[in-house]
Amino acid sequence: GADFDSLSRNADLAMYCSKDLGRARYSFYHAELDTSLRKRVELERELALAIERDELVLHFQPLIDAASGRTIGCEALVRWQHPLRGLLMPGTFIAAAEETGLIGALGAWTIQAACAQHAAWRRHGLAPVPVAVNVSALQVHDPMLADTVRSAMRQHGLGPGELELELTESTLLADTDAALRTVERLRD
């Protein structure tokens, strides 16, 4: 950098890059960091708009009983139907949603959409099977998660056992007391 401001900004970019790589790392500034930061900021902005504009879609992966071949459930997988880039997989945007605080809105949308689809299948005479939704660690620590789930289930007429929330072990071990309280509220 030729002046203090640009030198400081570039040092910050290198620092954040090294933090992304893990502990005890270092990085040198290079021009690609600017490009990557701009792309990331743009992705975060577009994701906030995607939630508002209903650009998210769910794909459902069936869970099949190996012995009988019968469908015993399905997993709701969120995708982003980007107007310019096409269908984006979660690996493209979930980390950005977590880092920007959009994961709560994204998670609430996913729960609502999964419950709505379950109700639509039932209205069309399909045998209801449980729908599983992945929940991030940040959502588990959101005190509103149980209310979000309860509201979506009531709105769409889902009963106990018709919506499953998938929590990773690391999510539950991160803050066991808070996670336990959330799981208890969800069970209730």
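Residues count as exposed when their relative accessible area is over 50%, and aspartate 54, at 53% relative accessibility, therefore falls into that class. The structure described here is a predicted model.

**The loop between H2 and S1**

- Aspartate 54 lies in the loop that runs between helix H2 (31-52) and strand S1 (56-64), and although aspartate 54 is not a glycine, its phi is positive, at about 60 degrees.
- Glutamate 55 is found in the loop between H2 and S1 as well, but with a relative accessible area of 13% glutamate 55 is buried, whereas aspartate 54 is exposed.
- Computed along the sequence, glutamate 55 and glutamine 81 are 26 residues apart, yet their C-alpha atoms are 5.3 Å apart in space.
- When neighbours within four places in sequence are left aside, the contacts of glutamate 55 are Ala50, Arg79, Trp80, Gln81 and Pro83.

- Helix H3 spans residues 90-100, and Phe93, Ala96 and Ala97 are buried in it.
- Viewed down the axis of H3, these buried residues fall within an arc of 105 degrees, so they line one face of the helix.
- An α-helix has 3.6 residues a turn, so residues three or four places apart point the same way.
- The exposed residues Gly91 and Glu99 are carried on the face of H3 that is turned away from its buried side.

- The crossing in which H4 passes H6 is right-handed.
- On the H4 side this packing involves Ala108, Ile111, Gln112, Cys115, Ala116, Ala119 and Arg122, which meet Leu145, Thr148, Val149, Ala152, Met153, Gln155 and His156 in H6.
- Histidine 156, which has its place in helix H6, is buried, with a relative accessible area of 18%.
- Apart from neighbours within four places in sequence, histidine 156 is in contact with Gln112, Cys115, Ala116, Ala119 and Arg122, and these residues are among those of H4 that meet H6.
- H6 also packs with helix H8 (residues 176-187), their axes coming within 9 Å and crossing at roughly 20 degrees, and H6 and H8 are therefore roughly parallel to each other.
- H6 passes H8 in a right-handed crossing, and the contact is made by Leu145, Ala146, Asp147, Val149 and Arg150 of H6 together with Thr182, Arg185 and Leu186 of H8.
- Leu145 and Val149 of H6 are listed both in the contact with H4 and in the contact with H8.

**Cysteines**

- The structure holds zero disulfides.
- Cysteine 74 is in no disulfide, and the nearest cysteine sulfur, that of cysteine 115, is 11 Å away; a disulfide would need the two sulfur atoms to lie within 2.5 Å.
- Cysteine 115 is likewise in no disulfide, its nearest cysteine sulfur being that of cysteine 74.
- Cysteine 74 has a relative accessible area of 5% and is buried, while cysteine 115, at 0% relative accessibility, counts as buried too.

- Glycine 107 has its place in helix H4 (residues 103-123) and, at 7% relative accessibility, counts as buried.
- Glutamate 164 lies in strand S5 (residues 163-166) and, at 37% relative accessibility, counts as partly exposed.
- Glutamate 164 and asparagine 134 are 30 residues apart along the chain, with their C-alpha atoms separated by 8.6 Å.
- Leaving aside neighbours within four places in sequence, glutamate 164 is in contact with Pro130, Val131, Ala132 and Val133.

Key. Residues are numbered from 1 along each chain as its sequence is written. This is a predicted model: local features need pLDDT of at least 70, side-chain atom pairs count only at pLDDT 80 or more; totals for chains, interfaces and linings use all residues. Side-chain values use heavy atoms; hydrogens and water are left out. Helices (H or I, at least four residues) and strands (E, at least two) are DSSP runs, numbered from the N terminus. Buried means under 20% relative accessible area, exposed over 50%, partly exposed in between (1.4 Å probe, protein chains only). The arc is that of the directions from the helix axis to the C-beta atoms. A crossing is left-handed if the near helix is turned anticlockwise from the far one by less than a right angle, and right-handed if clockwise. Contact means heavy atoms within 4.5 Å. Axes are lines fitted to C-alpha atoms, for helices over the stretch in contact, and angles run from 0 to 180 degrees between N-to-C directions. Angles under 35 degrees count as roughly parallel, over 145 as roughly antiparallel, 65 to 115 as roughly perpendicular and the rest as oblique.
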